[in-house]
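Hi,

Here is the structure I promised to pass on. Have a look at it first, and then read my notes below.

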Amino acid sequence: MKPSEHMKNGLVSKTEQQQQERKRPRKTMYIAASLVIAAGIGIAGPNIWQQINGPAAPAQVAQVDPGTGIIIPKVELPDPNAQVQASMVPLVVYEGNVYTQSATRMETADIAALRGDKLGTTTGGIDEWTGKDGYTELSSNIGVTDIYTVKGYDSGFLIMSYTEIDGQVFADLYEHTNGITVNSGADLIGELNLEGRITSAQWESFDSWNNGQQQYAPLAGGEVLDNFVTALQAAKPLAAEPLVEQGIYESEDRKIVYLELEDKAQVQLVLFGQGLVRYGNAPVFFEVEVGAFQTLWDSMTP
């Protein structure tokens with residue numbers, strides 16, 4: 001059945017909204033992110049809310065298990081009776097897990113080239129008032145669209161939505177970063193298969209990022225970057241909540257690294273001066289081996 005004009009209009013609207021968000025000055029994005037963090041205080045969990053205002057939104061906190069690592073619980077489903085004014089991040093339910101919009105970005109044409117096997121078609125229908133029984137297989141809040149594997153990635157981590165209407169492609173990436181146990185960087189960032197696939201790298205100062213200046217500088221590759229990526233695989237995970245409570249985001253001692261992979265995936269990592277790295281909104285930081293981290297950090301000078 002040919003997708004309805006209503007469906008096309010919805011996808012166009014969603015795409016335009018995402019484009020505007022990506023163009024938005026980064027300072028605004030930082031403020032928005034802070035609201036989410038503040039909402040959970042301080043959490044930093046896989047949170048399916050984007051709070052507009054009102055009381056604290058539901059949030060999840062990573063748990064520390066000395067025997068197994070950092071446990072990131074499944075996303076907390078919203079309470080339809082909570083009366084919280086909020087919007088939700090785009091999500092898809094697949095194989096009983098909630099996949100949220102990926103922190104890794106790709107241009108639509110590049111995503112399309114990585115379209116793998118079809119996994120099914122979403123049913124849509126999830127909204128802020130949906131109860132737990134509404135989170136059934138392939139339900140979503142992104143409307144009706146086909147879901148596929150992503151070539152080169154484990155579908156347990158990354159899937160894509162893909163719809164083609166009148167020759168125009170609408171696609172996006174969704175990742176599963178909750179309901180998992182993280183023992184090292186390999187268990188989360190390792191899913192991106194960074195090693196040996198980085199084709200270009202840039203970095204940005206906190207001041208540029210915070211003020212939306214987008215002043216990117218080339219990041220030297222070679223042995224320094226390779227050693228950092230290898231160390232990141234073995235990095236020790238730390239629960240985010242204590243670090244957030246201690247004020248890690250109050251410091252401007254940060255640098256943002258942008259990596260482009262051979263399949264055009266764009267990975268953003270935030271480096272903190274304490275030797276920590278964070279990817280996306282998963283409630284975990286990674287403590288990278290001092291030598292590898294510091295050498296890369298020192299190479300990023302104005």
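To start you off: which side chain meets that of Lys264 in a salt bridge? The partner is Glu260, with 3.9 Å from N to O. Lys264 is partly exposed, at 39% relative accessibility, and Glu260 is partly exposed too, at 24%. Before you go further, please keep in mind that this is a predicted model.

**Salt bridges**

The structure has three salt bridges, and the Lys264 and Glu260 pair is one of them. Another joins the side chains of Asp263 and Arg197, at 3.1 Å from N to O. This pair ties together distant parts of the chain, 66 residues apart. Asp263 sits in the loop between β15 (254-261) and β16 (266-272), while Arg197 belongs to the loop between β11 (180-182) and β12 (198-205). With a relative accessible area of 12%, Asp263 is buried; Arg197, at 13%, counts as buried as well.

Then there is the pair of Asp146 and Lys118, whose side chains meet at 3.4 Å, N to O. Asp146 is partly exposed, its relative accessible area being 22%, and Lys118 is partly exposed at 48%.

**Around β8**

β7 and β8 run antiparallel and are joined by four bridges. Lys118, already mentioned for its salt bridge to Asp146, stands opposite Tyr148 of β8. β8 is also joined to strand β9 (residues 158-165), again by four bridges and again antiparallel. On that side, Ile147 stands opposite Ser161 in β9. Why call β8 largely enclosed by the rest of the structure? Because four of its five residues are buried.

**A three-stranded sheet**

Elsewhere, three strands make an open sheet in the order β2-β3-β11, with antiparallel pairing. β2 (63-65) and β11 are the edge strands, each pairing on one side only. On average, neighbouring strands in this sheet are turned by 30 degrees against each other, ignoring direction. Strand β3 (residues 69-72) pairs with β11 over three bridges, and if you want a place to look, find Ile70, whose bridge partner in β11 is Val182.

**Two helices**

Now go to helix α7 (residues 290-299), where Ala292, Phe293, Leu296 and Trp297 are buried. These four lie on the same side of α7, because they cover an arc of only 125 degrees around the axis. Among the elements covering the buried residues of α7 are α5 (222-234), β15, β16 and β17 (276-279). At the start of α7, a side-chain oxygen of Glu289 comes to within 2.9 Å of the backbone nitrogen of Gly291.

Helix α5, one of the elements that cover α7, also holds Val229. Val229 is buried, at a relative accessible area of 5%. What does Val229 touch, leaving aside neighbours within four places in sequence? Its contacts are Leu194, Glu195 and Ile198.

**Two positive phi angles**

Glu95 is not a glycine, yet its phi is positive, at about 50 degrees. Glu95 is in the loop between β5 (91-94) and β6 (97-101) and counts as exposed at 56% relative accessibility. Leu138 also has a positive phi without being a glycine, with a value near 65 degrees. Is Leu138 buried or exposed? At 12% relative accessibility, Leu138 counts as buried, and its place is the loop between β7 and β8.

Best wishes

Terms used. Residues are numbered from 1 along each chain as its sequence is written. This is a predicted model: local features need pLDDT of at least 70, side-chain atom pairs count only at pLDDT 80 or more; totals for chains, interfaces and linings use all residues. Side-chain values use heavy atoms; hydrogens and water are left out. A salt bridge is a side-chain nitrogen of Lys or Arg within 4 Å of a carboxyl oxygen of Asp or Glu. Buried means under 20% relative accessible area, exposed over 50%, partly exposed in between (1.4 Å probe, protein chains only). The arc is that of the directions from the helix axis to the C-beta atoms. Contact means heavy atoms within 4.5 Å. A polar contact is a pair of N or O atoms within 3.5 Å; within protein, one must be able to donate a hydrogen and the other to accept it, and residues adjacent in sequence count only if both atoms are side-chain atoms. Two strands pair if DSSP finds at least two bridges between them. Axes are lines fitted to C-alpha atoms, for helices over the stretch in contact, and angles run from 0 to 180 degrees between N-to-C directions.
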